[in-house]
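Dear colleague,

Here is the structure for your files. My notes on the helix packing and the chain contact follow below it.

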Amino acid sequence: MTPNMTLDPETKTREVSVFDHLELLSEMGRDFTSSRDMAASLLKAVTHITEYVRADGGALFLLDKSGENLICEACVGATEITGLTVPSDQGIVGRSVQNHSAEIVRDVQNDSSFYNKIDQKTGFKTRSIICAPLRVKDERIGALELINKRSDDGLFSDEDLRLLEAMSASAGLAIHNARQAEALVEQEVLARELELAAEIQRSLLPDARDDDFPVHGVNIPARTVSGDFYDYFELEDGRICFNLGDVSGKGMNAALLMAKTASLFRCLGKTIHQPGRLMALINDEICETSSRGMFVTMIGGIFDPRSGIVRIANAGHEPALFFDHDGVCTPFEAEAPPLGITTFLADGDRYPENEFNIGEGSFYIFTDGVTEGYLADGSELEVEGLTKILMDGRDKSAAARLNDVVDVIQSSGKPIRDDTTLLCLEQKSGPLVTESVEIITAANVDQAIEIISLEIPSQPDRLKLVRNFVTQAAGFCDCSDDMTQDVVIAVDEALQNVIRHAYGNRPDGEIQIKLFRTDVNFIVLIQDFADTIDVTKIKPRDLNDVRPGGLGTHFIREVMDEVAFLTPPEGRGNLLKLVKRIA
Amino acid sequence: MKHEVREEVGGFVVAFEGDVDLQTSPDARKVLLECVGRGKSVVVDLSGIGYIDSSGVASLVESFQAARKGGQNLVLASVSDGALRVLKLARLNKVFTICDSVEDGLAAIG
């Protein structure tokens with residue numbers, strides 16, 4: 001501070017005080033912007049101002065988030081009231097905040113707004129108050145209050161009030177700026193966390209595979225994180241599990257439920273190979289722990305690249321579409337509610353399943369973000385539009401076709417409306433994955449123990465013997481009665497198929513039955529030496545169609561955890577593997 | 001598998017004993033279709049059944065459909081747990097009328 005010696009004393013005082021004032025304001029501003037400690041900056045400001053106006057005490061009140069209370073955030077001199085909360089429409093400080101006006105009360109005893117409880121508590125004698133609101137435009141922030149002028153009469157002047165008003169305006173702005181800076185930092189932290197969440201979420205999606213892999217998918221989130229998901233993975237026997245789902249809602253809560261559902265599917269899907277049963281278990285989990293009425297629509301399935309058989313369950317999801325070789329479309333509608341709604345299922349412990357042979361066709365699952373995606377003219381893509389893009393791209397690779405769909409939705413010029421996710425399944429031509437007996441033993445049964453084996457001629461009267469034999473063997477392996485019953489049913493039905501279909505009821509065919517067990521599985525291998533049958537023609541029938549026959553294959557698939565045709569060791573006949581989990 | 005057919009006021013009661021499988025289901029089918037062919041309703045007593053496979057279930061379904069076609073009824077009685085498991089696998093437990101006893105079965109077709 002450099003006093004100007006050429007000015008007359010009165011002007012000099014005013015000049016100095018303005019200069020001091022400016023100095024104080026700039027210091028306050030610097031303090032708020034440089035310090036991360038808001039409370040310390042507030043205290044510093046109150047101390048400076050109280051000192052500057054020469055008051056006994058000063059207090060700075062800020063409105064809480066609800067705007068209903070004023071809280072003393074910093075206090076100096078007189079009495080310590082930091083933390084004191086007063087209703088925002090009471091007291092002199094409340095009046096100042098509500099009216100956006102500076103208040104001077106020369107003698108508090110004559111002002112009915114005076115909040116005298118503090119004086120009563122502390123024994124301090126408040127005589128005079130000046131109070132000015134802290135605000136930026138119309139936004140109320142709080143108020144600065146000074147108590148008792150340090151002078152003979154202890155009373156504030158109008159000059160003091162104007163000074164306080166000016167300094168409060170600056171302090172208000174400084175607090176406002178500091179808060180905004182803080183919010184900005186918080187936003188950046190949130191954005192960074194969201195980006196991390198999105199990265200983790202992307203890592204839950206499977207890696208894209210070569211064109212000759214049967215499954216391809218694409219997922220474009222509408223926001224940073226997505227409520228949609230898809231996944232596929234290979235089982236040890238070469239079959240492929242796949243799914244596509246859509247969590248109700250968007251944003252972080254949907255993303256978290258998505259992560260949970262996708263993880264459950266991947267984890268349980270490795271041991272439970274019946275999509276309907278698998279999804280029922282996931283449903284149980286989600287129902288048990290879901291909150292806020294969130295649910296998941298999902299289609300889960302299993303595909304056997306050797307036979308081309310696809311087995312799916314649809315839990316409340318958009319119909320999946322199957323286009324056969326001639327482009328004829330079959331929709332697979334949901335026959336059960338989404339996951340997370342109810343544990344009561346019409347089919348008991350599983351979601352209803354559908355099975356079909358994919359042949360040379362293509363199977364598509366997608367979320368409503370696809371069909372409700374905007375086109376350039378503002379209309380929605382809908383199933384018709386989607387069908388057209390997929391049909392037009394028939395000669396392209398599956399991945400290219402899915403990208404065509406995404407391109408159309410993304411090039412509408414409008415932001416994507418909803419998470420957009422598609423999955424395509426196709427049987428790839430060329431040599432199919434083949435397995436031999438050696439691979440089974442290596443793949444499933446690292447420590448497989450052969451229990452017993454048996455050879456029978458292809459004659460129906462031997463079935464009862466085999467049933468007894470399997471019953472005894474399952475009991476030997478500690479299978480429960482129910483499990484034993486299931487294994488017996490499966491073996492009996494499989495043998496019927498061999499006798500009737502593979503050997504055409506010829507009585508002189510040879511059938512070998514071998515039983516193994518591991519720690520967790522009871523495994524049956526059934527081999528015949530008839531002509532190799534076309535496994536693609538074996539399919540369970542629609543049970544809604546009540547008619548005799550065709551039930552055997554359905555029974556086998558229903559009761560066993562795994563059913564697969566393998567390449568027989570000498571390339572002759574048929575080799576069926578049936579697996580029942582013991583645990 | 002053995003079988004026994006007796007005629008009651010409301011219709012025939014056909015009781016099987018043993019296993020109804022690929023070996024024996026053709027016989028079961030024949031017996032059931034014959035009874036249905038005689039124009040009466042049938043109660044199939046499954047209390048003596050040890051095992052029934054898909055071919056046995058197919059015989060039941062075929063006879064049931066033949067009975068319905070002729071305006072008759074075919075109900076199952078005293079279904080063992082094993083047989084019920086197989087009927088449930090085929091989702092036929094809701095298609096057939098399943099009665100606790102032959103008497104209930106006769107009441108159901110009467």
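Helices here are DSSP runs of H or I with at least four residues, numbered from the N terminus.

This is a predicted model, in which local features need pLDDT of at least 70 and side-chain atom pairs count only at pLDDT 80 or more, while totals for chains, interfaces and linings use all residues. Residues are numbered from 1 along each chain as its sequence is written, chains are lettered from A and ligands numbered from 1 in the order in which they are written, and side-chain values use heavy atoms, with hydrogens and water left out.

From helix 13 of chain A, A:Gln485, A:Asp486 and A:Ile489 are in contact with B:Asp81, B:Gly82, B:Arg85, B:Val86 and B:Leu89 of helix 3 of chain B (heavy atoms within 4.5 Å).

Helix 3 of chain B also packs on helix 14 of chain A (residues 552–559), the axes coming within 10 Å and crossing at roughly 105°. These two helices are therefore roughly perpendicular. B:Arg85, B:Val86 and B:Leu89 meet A:His554, A:Phe555, A:Glu558 and A:Val559 there.

Over the whole interface, 22 residues of chain B touch 27 of chain A. About 2,000 Å² is buried between the chains, 60% of it from carbon and sulfur atoms (accessible area, 1.4 Å probe, lost on putting the two parts together and summed over both). B:Leu22, B:Tyr51 and B:Leu89 supply 29% of the area that chain B buries against chain A, more than any other three residues. Four salt bridges are counted between the chains (a side-chain nitrogen of Lys or Arg within 4 Å of a carboxyl oxygen of Asp or Glu). One salt bridge joins the side chains of B:Asp19 and A:Lys464, at 3.1 Å from N to O.

Within chain A, the axes of helix 2 (residues 38–53) and helix 5 (residues 158–204) come within 11 Å and cross at roughly 170°. That makes helix 2 of chain A roughly antiparallel to helix 5 of chain A.

Regards

Methods: Axes are lines fitted to C-alpha atoms, for helices over the stretch in contact, and angles run from 0 to 180 degrees between N-to-C directions. Angles under 35 degrees count as roughly parallel, over 145 as roughly antiparallel, 65 to 115 as roughly perpendicular and the rest as oblique.
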